[in-house]
Amino acid sequence: MSTEIETKLELTKQAYDCLMRECKIITYHKFLNVYYDSAGKLAQQSATLRLRYQEKHSTELTLKSLVKTEDGCRTAIEIEEQLPACHIPPRFLLVSKDFPLIFQARLKALGLSKFKRIGAMRVCRTVVELSNGIKIELDKITLPDSSIIFEVEIESLDLKVHKIAVKEI
């Protein structure tokens, strides 16, 4: 279990293309994020449950729970676990059967026992380095209706890094 502080900003296609041209590319990944909820109970608590599928990798299970929002930065507790590769996202997940023990304890404490798949999106993520050396993630997100969203994500436990990166973007 870890704490993460992230800033996410939506970008125009032009701003995304400009950053892709002008920044040093570090890595590139494609994955499918599949989201689950239990009658909206996670969403009500600003929490998310996600399975991430990445070609030639294990499936990653993530539970993010909001701790606070400050100066546009979201601080969340994140539990992640690698699962055996699964090729078809299940429609339902049962806490007692489908989750590792650390997840079971957290979800049962929230009174949750069953989850339904609520949506998915395809992500093309490019990690780039800004001219000041700060690494950011540029996401091209394709939604089920084929619309595309562009985002930048800054992750650092140091809020100053977020502010510096946002100024440069």
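## Pockets and salt bridges

At 11% relative accessibility, Arg125 counts as buried, since the cut-off for that label is under 20%. Keep in mind that this is a predicted model. Arg125 is a handy place to start: this residue pairs with Glu137 in a salt bridge and is also listed among the residues closest to the centre of the largest pocket. The briefing below takes the charge pairs, then the pockets.

**The Arg125 pair**

- The closest N and O atoms of Arg125 and Glu137 sit 3.5 Å apart.
- Arg125 belongs to strand 7 and Glu137 to strand 8, so this bridge ties together parts that are twelve residues apart in sequence.
- Glu137 also counts as buried, at 17% relative accessibility.

**Other salt bridges**

- Searching the whole structure turns up 13 salt bridges.
- Some of them share partners, and in this way Glu4, Glu6, Lys64, Arg74 and Glu78 end up joined in one network.
- Inside that network, Glu6 and Arg74 form a salt bridge with their closest N and O atoms 3.8 Å apart.
- Glu6 is in strand 1 while Arg74 is in strand 5, so the pair links parts 68 residues apart in sequence.
- Glu6 is buried at 6% relative accessibility, whereas Arg74 is partly exposed, at 23%.
- Asp98 and Lys97 make another salt bridge, again with 3.8 Å between the closest N and O atoms.
- Of that pair, Asp98 is partly exposed at 26% and Lys97 is exposed at 65%.

**The largest pocket**

- The largest pocket holds about 490 Å³ of space.
- Its lining takes in 28 residues, and Asn33, Arg50, Arg52, Lys64 and Arg125 are the closest to the centre.
- By class, that lining has 16 charged residues, along with six polar and six nonpolar ones.
- Several strands give two or more residues to the lining of this pocket, among them strand 1 (2-11), strand 5 (73-83), strand 7 (114-129) and strand 8 (135-142).

- Strand 2 and strand 7 each supply at least two of the lining residues.

Definitions and conventions: Residues numbered from 1 in each chain as written. Predicted model: local features only at pLDDT ≥ 70, side-chain atom pairs only at ≥ 80, totals over all residues. Heavy atoms only, no water. 1 Å grid on protein atoms, 1.4 Å probe; cavity = no way out; pocket = protein on both sides within 12 Å on 5 of 7 lines; lining within 4 Å. Points joined across faces, edges and corners; volume = space filled by probe spheres on them. Helix = DSSP H or I, 4+ residues; strand = E, 2+ residues; numbered from the N terminus. Nonpolar A, V, L, I, M, F, W, Y, C, P; charged D, E, K, R; others polar. Salt bridge = Lys/Arg side-chain N within 4 Å of Asp/Glu carboxyl O. Buried < 20%, exposed > 50% of the residue type's maximum accessible area, 1.4 Å probe, protein only.
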